[in-house]
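Student: Could you walk me through this model? I'd like to start with the overall fold and then look at one helix.

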Amino acid sequence: MVASSLSTNGPVISKLSWLSNLAVFLLGAISLVVPSGYSVGAVILFLAGVGLMVAQRSPQLTAQDRWIIASLLAYAAVNIAEAWWDAQGIRGIDSPIRFIFAIPALLWVMIYPPRLVFLWGGFGVGAILSGIWAGWQRVVENVERAEGHTHVIQFGNLSMLLGVFCLAGLGWAMVQQHRKAWVGFLLVGAIAGILGSLLSGSRGGWVGFPIVLWVLYRAYGKNITIKLKGAILLLVLIGGSAIYMIPQIGVQDRIHQAANDISSYFSGEHVLSSVGSRFEMWRGAGHMILEKPITGWGENGYRDQMEVLASQGVVDQGITHYSHAHNEFIDTFAKRGGIGLLVLMILYLVPLRLFMRSFAEPDLEKRSVAVAGALLPVAYIDFGLTQAFLTHHSGTMMYAFLLAVLWGIHSTHRRQSQPTT
């Protein structure tokens with residue numbers, strides 16, 4: 001039974017908080033190393049949140065809380081509407097409904113926020129395990145690209161996300177009692193998570209890394225001395241050069257392959273390379289967008305129309321077996337029109353703006369959560385440039401429930417900072 005004080009502005013300190021600790025830790029720690037591991041912590045939070053709703057208990061919501069909830073609902077509603085008019089059946093609502101499921105989880109976290117040691121510990125463990133798993137697959141199993149238990153691009157990008165979160169957590173680590181141990185742990189996590197991405201060969205996650213560094217600089221730059229800034233820049237340059245030069249990692253080959261793919265596509269020599277196929281899909285989707293810019297074609301309509309374009313010689317027949325355009329924004333625009341693209345941007349930009357408002361927070365523990373919250377949509381925008389990331393369950397579950405967790409904690413911090421009357 002939830003205490004009656006749940007309607008107050010502050011969180012409730014209860015024995016039930018252990019459930020939040022467990023769920024949040026698992027959400028990060030086993031997301032990529034256990035089949036559908038990203039669902040375990042999420043399901044725990046969802047069921048706990050549903051229990052609150054059944055008991056008719058909820059936290060007092062601020063205007064910012066409502067904006068986050070509205071962004072989740074708007075994205076889900078437009079996608080469910082598309083599935084309905086496009087006659088996709090249950091299959092069509094399976095992914096968007098998960099954004100609605102994240103709302104009870106958000107309410108639970110706002111009432112029973114986890115201790116931050118479980119948040120950052122989960123991210124660190126998850127990043128280290130994903131890096132080890134990727135190394136095992138490449139070295140022992142001798143696979144060409146590490147893929148974990150999910151699609152290779154999803155694995156690589158989510159491994160990168162966990163590594164990036166470890167960098168965000170350094171602000172928290174710096175003010176802990178065992179500072180050196182926590183800083184070292186999260187740095188190892190950052191390296192391992194990024195290594196997992198590199199070993200997967202998922203180039204899309206590498207493109208936006210400079211933007212990630214910019215966000216981190218915006219958040220922590222004022223707390224770093226000029227000497228340390230120079231040392232960090234030097235380490236980034238040396239590390240990037242080493243990663244490129246070591247052939248066993250595979251980055252050099254993947255970059256050269258991308259350059260060759262681009263050259264071959266525009267020369268007409270080889271259209272259906274990895275990059276060339278994307279260009280061809282984007283070209284076909286562009287034709288669809290021009291014809292139905294407001295409502296789009298729908299999932300089924302997209303596939304049918306791509307077949308028509310191929311039969312007319314507009315695009316190569318070889319791309320018709322792909323179900324999406326390998327770009328979140330182009331794919332959304334083609335399938336759900338300008339309406340769908342608008343709610344997608346709301347889903348990303350509303351949390352980004354709200355989290356970045358706390359980059360001046362003097363408390364590094366609280367600021368670190370805001371930094372991770374801002375990096376979540378930034379990373380997904382990057383991933384979405386070369387992959388329709390939210391068409392996969394791993395992409396959907398991680399974004400929806402990580403947003404619920406990070407905003408739930410952040411909202412609690414904001415309420416605690418407000419003076420009581």
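Tutor: With 421 residues, a compact globule would have a radius of gyration near 22 Å, and the chain has 22 Å, which agrees; the radius is taken over C-alpha atoms, and the globule rule is 2.2 Å times the number of residues to the power 0.38. This is a predicted model, in which local features need pLDDT of at least 70 and side-chain atom pairs count only at pLDDT 80 or more, while totals for chains, interfaces and linings use all residues. Residues are numbered from 1 along each chain as its sequence is written, and side-chain values use heavy atoms, leaving out hydrogens and water.

Student: How many helices and strands are there in the chain?

Tutor: The chain has 18 helices and 0 strands, where helices (H or I, at least four residues) and strands (E, at least two) are DSSP runs numbered from the N terminus.

Student: And how much of the chain counts as buried?

Tutor: Of its 421 residues, 54% count as buried, meaning under 20% relative accessible area, with exposed over 50% and partly exposed in between (1.4 Å probe, protein chains only).

Student: Switching to α13, which of its residues are buried?

Tutor: The buried residues of α13 are V251, R254, A258, D261, S264 and Y265. They cover an arc of only 150° around the axis, which puts them on the same side of α13; the arc is that of the directions from the helix axis to the C-beta atoms.

Student: What's exposed on the other side?

Tutor: On that other side of α13, D253 and F266 are exposed.
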